[in-house]
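Subject: Structure for you to look at

Hello,

Here is the structure I said I would pass on. My notes follow below it.

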Amino acid sequence: MSMLEIKNLHARVEEQEILKGVDLVVNEGEIHAIMGPNGSGKSTLAQILAGKEDYEVTAGEILYKGQDLLEMAPEVRAREGIFMAFQYPVEIPGVSNVYFLKAALNAIRTHRGLEEMDAMDFLVYVREKMKIVKMDEALLNRPVNEGFSGGEKKRNEIFHMSVLDPVLAVLDETDSGLDIDALQIVAEGVNSLRREDRAFLVITHYQRLLNYIVPDVVHVLLDGRIVRSGGKELALELEDKGYVWLQEPLGAGEPVGA
Amino acid sequence: MTTTMTASNTERFVEVFEAFEQGLPASQPESLRQQRRQAIERFSTLGFPTLRQEEWRFTNVAPIARTPFGVDVATDGVTADSLQPFFYDGTIQLTLVNGRFVPELSDLHSLPEGVIVCSLVEALQKHPEKVEPHLGRLASFENHPFVALNTAFYGDGVFIWVPRRQVVEQPINLVLVGRPAADPIAFFPRNLIVSGESSQVTVVEQYVTVGEGAYLTAPVTEIVAEDNAVVDHYKLQRESTEAFHMATFQLLLGRDSNVSSHSISWGGGLVRNDVNAVLDGQGGEATLNGLYMVEGSQVVDNHMRVDHVAANCDSHELYKGILEGKARAVFNGRIYVHRGAQKTDAKQTNRNLLISPDAICNSNPQLEIFADDVKCTHGSTVGQLDETAIFYLRSRGIGEEAARSLLTYAFAADIVERIKVGAVRRDLEEFLFRRLPKGDIVRQAV
């Protein structure tokens, strides 16, 4: 059984159709990259997987571990193992990064029939995870993302991911706007979390990230459809040639999103 | 009867005044007796405010005007046990029941040299020369019927006097208990705090209820911060929803003084806080923060006025409100920069979170500036929780209800964090954990 199976997914926001029939299968242990120009529907796909309610799914289905994902509330998806690293992580003044994570982890553990972790064990656990993304301990005790730099926010997302121990991790343009050092830290974090029973969906606008996170499959999302899938060499080809050459088979009647 | 209920209730207070005055202790100075007579006269002219008056247009006090309150109050029926939640370890403790000092429920141990903390009645007997220069001279009853009523009818209160350069390390915790009787009662605590030059003091005022029934408490607290004094004041309004609470808090700030006030309101059915600060000497700094969290049919009205009289003074106001149910909140903030108050730095912010679509908030910031070299800002917002933030929390496994509670707590957190007295901060935190759905998760996550 595949971990994630997206079948003929159509979705719109308000009156605008954004996804026009996405098919995608992700198996355990795989890293899939989804590339595409701005407006092609990449982030919409990520947000729908995480459960954002602004989008209306008009056709198709998503099976996660064989279950109907679209029926699950966002928190249930998280507890079932889906994690999305946000493109724009949200600042939450007044809520401590570390205590919030503890509450989140314990919600997930309770759901999975595990005992809640107490403060002492959690601290030991969290310190271990901090090393993965070279997190400054000061960021642990600050309010969630408040006053973090862009790079710190993205690193904090990977840190959350490592603590919450997901089954399927979706990275929504986590690389955008990062300098090369921050990019490497993020990539190393992801690589260290690779596991046979864990899968990644890496959404990116730039090929650069894929120098550090080597995908098993690369998909090109154009105007709400996956128009091509291939091995990691497809990313290099895109780097070389851009997306225009892929648009032609779609025919003149299909405008490309801005 | 041809007179309206409102008029009859105004008259009722005027009628009982004579008997009340005759019952005052003989030691009461003549100057204060005269002040009381002027005040009741003024009240009889003013009557209870109506919605037609600018300062009261959103707050309907008709329920007060039509309730026949008695001014004879008892002080029995309150045990130390019932007040345990409000007593804080390591504080100097004074308890008033229905506006009268109760020594058995107070603990005045270890007062530093020269510091006076006692009931107002005792202070008028023993230290009239320290009380009379201030009492009734700060909070004006000219245009405020409840200050007028208080000035006419105050029975007792607390007097705190800190001599120059003295630092009172322990917070002074005033517990003002409303103990309702069979018939509605009204009482009028009068507190006066004088912090001498370069002195420092922290005062907590808690308004609580023991028992059931309607009553009116209309306290006036006056604070004089002399030059270079530091005063930290906390007010916790935690009365029952049957209580009417019409309070005036009057601050006078001398040169280089620093006064901070935190006003926390979650109790009371109909609550009005008038907070007036006068920055009278250069270099004064006033911080006026507040948090109100109301539900059901509670009404809370915070009326602020900051007078920048002297130059080079700062004032910072941050009031935040969380409204549930059909609750209603009013915020009226006026900053008045007098001619000559150059280099004033005044900032006022009011933020409101409407949890329920039926809650109503009226926020009205006002600036009046008569100097040309000043920095004044004000802002007010009324909004809901940020859906993106809710989604972010849920995407990490936190349930929706818990996410909403967490963000509500976070909204209040910057006020909570500024509270320096640990016991007050913990009380407020505990209240929020109890009030918010899934508070146990919030407790774990903050």
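Chain A has nine helices and 12 strands. Please keep in mind that this is a predicted model.

Overall form of chain A

The C-alpha trace of chain A spans about 60 × 40 × 35 Å along its principal axes. A compact globule with 258 residues would have a radius of gyration near 18 Å, and chain A has 18 Å, so the two agree. Of the 258 residues in chain A, 45% are buried. Among the contacts in chain A with a separation of 6 or more, 72% are between residues 24 or more positions apart.

One helix in chain A

I looked at α7 of chain A in some detail. This helix covers residues 180–192, which is 13 residues. From its first C-alpha to its last, α7(A) reaches 18 Å, close to the 18 Å expected at 1.5 Å a residue. Its buried residues are A:L183, A:I185, A:V186, A:A187, A:G189 and A:V190. What covers these buried residues of α7(A) includes α4 (119–132), α6 and β10 (199–204) of chain A.

Where chain A meets chain B

The contact between the chains takes 25 residues from chain A and 21 residues from chain B. On the side of chain A that touches chain B, the elements that give two or more residues are α2 (74–79), β7 (92–96), α3 (97–111) and α6 (150–164) of chain A. The largest share of that side comes from α3(A), with seven residues. By class, the side of chain A that touches chain B has 17 nonpolar, four polar and four charged residues.

For chain B, the domain assignment gives domain 1 (5–281) and domain 2 (385–446). The C-alpha centres of these two domains of chain B lie 32 Å apart. In chain B, 10 residues of domain 1 are in contact with nine residues of domain 2. Which elements of chain B give two or more residues to the side of domain 1 that touches domain 2? They are β8 (200–209), β11 (230–237) and β13 (258–265) of chain B. Of these, β11(B) gives the most, with three residues. By class, this side of domain 1 of chain B has seven nonpolar, two polar and one charged residues.

Regards

Methods:
Residues numbered from 1 in each chain as written. Chains lettered and ligands numbered in written order. Predicted model: local features only at pLDDT ≥ 70, side-chain atom pairs only at ≥ 80, totals over all residues. Contact = placed C-beta atoms within 7 Å. Helix = DSSP H or I, 4+ residues; strand = E, 2+ residues; numbered from the N terminus. Nonpolar A, V, L, I, M, F, W, Y, C, P; charged D, E, K, R; others polar. Rg over C-alpha atoms; globule rule 2.2 N^0.38 Å. Buried ≥ 20, exposed ≤ 12 C-beta atoms within 10 Å, placed from the backbone. Domains from an automatic or database assignment. Expected span 1.5 Å × (residues − 1).
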